[in-house]
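The sequence and the model come first, and the notes follow by topic.

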Amino acid sequence: MRRFVLIAIPYAWLLALFLVPFAIVLKISLSDYAVSIPPYVPQFDWAEGISAFLAELDFENFIWLTEDDLYWKAYLSSLKIAAISTFLTLLAGYPIAYGMARAPEEWRPTLMMLVILPFWTSFLIRVYAWMGILSNEGFLNQFLMWLGVISEPLTILNTNSAVYIGIIYTYLPFMILPVYSALERLDGSLIEAAEDLGCSRLTAFWLVTVPLSKNGIVAGCFLVFIPVLGEFVIPSLLGGSDTLMIGKVLWEEFFSNRDWPVASAVAVVLLLLLIIPIVLFQRNQQKQQEAEQ
Amino acid sequence: MNRMTWFNAVSLTLGFAFLYIPMVILVIFSFNESKLVTVWAGFSTKWYGELLQNDAFLNAAWVTLKVAVFSSTMATVLGTIAAYVLVRGGRFMGRTLFSGMIYAPLVMPEVITGLSLLLLFIGIGLDRGVFTIVLAHTTFSMCYVSVVVSSRLVSFDRSLEEAALDLGCSPAEAFRLVTLPIIAPAVISGWLLAFTLSLDDLVIASFTAGPSATTLPIKIFSAVRLGVSPEINALSTIMISIVTVGVITASLVTKHQVARQRREEQAAVRA
């Protein structure tokens, strides 16, 4: 009896506040838009019963998503931005993780804390910090002009480049930590063996270090790619009017156009898009756990 | 293999410079006399003064703090129970669904979580305000808590609990006297994680907050959207310093505790 209560409490909470809400999104995505509050026509009427409900369901909103090119362009551009920024984050994060794993042992806890510290600082504020740096009169332009690299300010804020910089900056710790933990476990004698057998430092790195840190790289890439796909804050603060990301489209569809059925349909498709990387990520985690046991 | 080559030194220096310079600039410019955020016009603390007189910000900060305290406490209780059920509960009906619901919110885009909760609250006719934000924050942060707590539960020896039961403890007593003290560090860090997640959340709060309640991130977001403002720099500096002091204190305390534990263990071995 006690065991049942113990299981029931968190179970019921998650059912009521996670699964049921999602079922409602699915239902509303199949409803019609209406000028009222709430702005959709409920499709389900208890009086008419389930068969009438099923007969009336339609995929109008989903068909609309394929007809207006705004939506599929936003999905594609989110995928592109997520893929490119994941790659760039890996390029920026790997050397840092590598340096940390090779640092003297007594430094490592401090370096680790320095990587984690930004996690505890507000995400919004970290994005905001870049608005001042990237603007036309901002720090970066002043610095580059002082160096003499450029003669007039570059427009960076409100472009896709600013979005990339913002994503790399805020998601860097998600990449560094898994790569670092893979590199730290790596047995140094393997690299020495490769060098003894005639590898140069660089080939030893390519042939030994990189393959052995593969698990960390894969985990880091998923940890960046999955959340970036639905990102809203970074494109709306750093991006411009030509920055298309699906999280922002959903937000505007909901709050500005007040078209709840279409917003719900956008959410359903985004989720379908995410299922593949999420399943792959879980498999990878499982494989890693099995390998460790 | 602890060679500190020039390559490692350079990559660490550049990496940490990249991580910290933006925040340092923010802190420096919060003391700027000028209204222009990018031009230095002398030292001044006037933006801190203006911030402290801005009631809208102070109210929002108060709402945020209330939401964070309530939701992280509830999330810790629920998340710890959920972790216990997952690790010690054995088989029960719908176990796969349960563990799926624990892990799914961790990767779910915030826009989807926010949208779905809002539609639920409207569907059942719940007025949006502080209460609905607390419900929303509790739901997603309990999942983080249960992941943190269950990793600790998995790694500790179950026979300790069984010994307590054999010695006549009731299951509740065994949990309170044996299990809870052992998993306490994970429970505390779960609470802290839930607390900061709640303080930080903009997207889910925007969906679930009604016109009656505004949190600090919502306030900052709408202010920032209008352009860079020096008051926000002052606010950011305050938040960054609280976090820095908190994290450094916490790490010193843990370091101290680890050292004490080691001394006690050594003393026990000698005795």
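How many aromatic pairs does a search of the whole structure find over all chains? The search finds 27, where rings of Phe, Tyr and Trp (its six-membered ring) pair if their centres lie within 6.5 Å, and planes under 30 degrees apart count as stacked, over 60 as edge-to-face and the rest as tilted. This is a predicted model, in which local features need pLDDT of at least 70 and side-chain atom pairs count only at pLDDT 80 or more, while totals for chains, interfaces and linings use all residues. Residues are numbered from 1 along each chain as its sequence is written, chains are lettered from A and ligands numbered from 1 in the order in which they are written, and side-chain values use heavy atoms, with hydrogens and water left out.

**Aromatic rings**

- A:W130 and A:Y169 form an edge-to-face aromatic pair, 5.4 Å centre to centre with 70° between the planes.
- This pair links distant parts of the chain, 39 residues apart: A:W130 is in helix α6 (residues 123–134) of chain A and A:Y169 in helix α8 (residues 160–185) of chain A. Helices (H or I, at least four residues) and strands (E, at least two) are DSSP runs, numbered from the N terminus.
- Both A:W130 and A:Y169 are buried. Buried means under 20% relative accessible area, exposed over 50%, and partly exposed in between (1.4 Å probe, protein chains only).
- The rings of A:Y169 and B:F18 also count as edge-to-face, because their centres are 5.4 Å apart and their planes stand at 90°.
- A:Y169 lies in helix α8 of chain A and B:F18 in helix α1 (residues 6–29) of chain B, so this pair joins two chains.
- A:Y169 has a relative accessible area of 1% and is therefore buried, whereas B:F18, at 27%, is partly exposed.
- Ring pairs also link a cluster made of A:F232, A:W251, A:F254, A:F255, A:W260, B:F207 and B:F221.
- The charged end of A:R102 sits over the ring of A:Y98, 4.9 Å from its centre; the term requires NZ of Lys or CZ of Arg within 6 Å of the ring centre and within 35 degrees of the ring normal.

**Where the two chains meet**

- 84 residues of chain A are in contact with 83 residues of chain B, contact meaning heavy atoms within 4.5 Å.
- Between them, chain A and chain B bury about 7,400 Å², 81% of it on carbon and sulfur atoms. Buried area is the accessible area (1.4 Å probe) that two parts lose on being put together, summed over both.
- In chain A, the residues that lose the most area to chain B are A:W13, A:W120 and A:Y128, together 11% of what that side buries.

- The largest nonpolar core has 155 residues, and B:F98 and B:F207 touch the most other members. Such a core is a set of buried Ala, Val, Leu, Ile, Met, Phe, Trp, Tyr and Cys residues joined through side-chain atoms within 4.5 Å.
- Apart from neighbours within four places in sequence, B:F98 is in contact with A:P10, A:Y11, A:L14, B:A82, B:V85, B:L86 and B:F92.
- Helix α10 (residues 216–225) of chain B has B:L216, B:P217, B:I218, B:I220, B:F221 and B:V224 buried.
- These buried residues pack against α6 and α12 (233–238) of chain A, together with α3 (55–88), α8 (171–200), α9 (203–208) and α11 of chain B.
- Just after α10(B), B:G227 takes a positive phi of about 135°.

**Positive phi in loops of chain A**

- A:N158, a residue other than glycine, has a positive phi near 65°. The place of A:N158 is in the loop between α7 (139–147) and α8 of chain A, and A:N158 counts as partly exposed at 42% relative accessibility.
- A:R258 is not a glycine either, and has a positive phi of about 55°. A:R258 is in the loop between α13 (246–255) and α14 of chain A, and is partly exposed at 37% relative accessibility.

**Cysteines**

- A search of the whole structure finds zero disulfides over all chains, a disulfide being a pair of cysteine sulfur atoms within 2.5 Å.
- A:C221 is partly exposed at 21% relative accessibility, and B:C169 is partly exposed at 22%.
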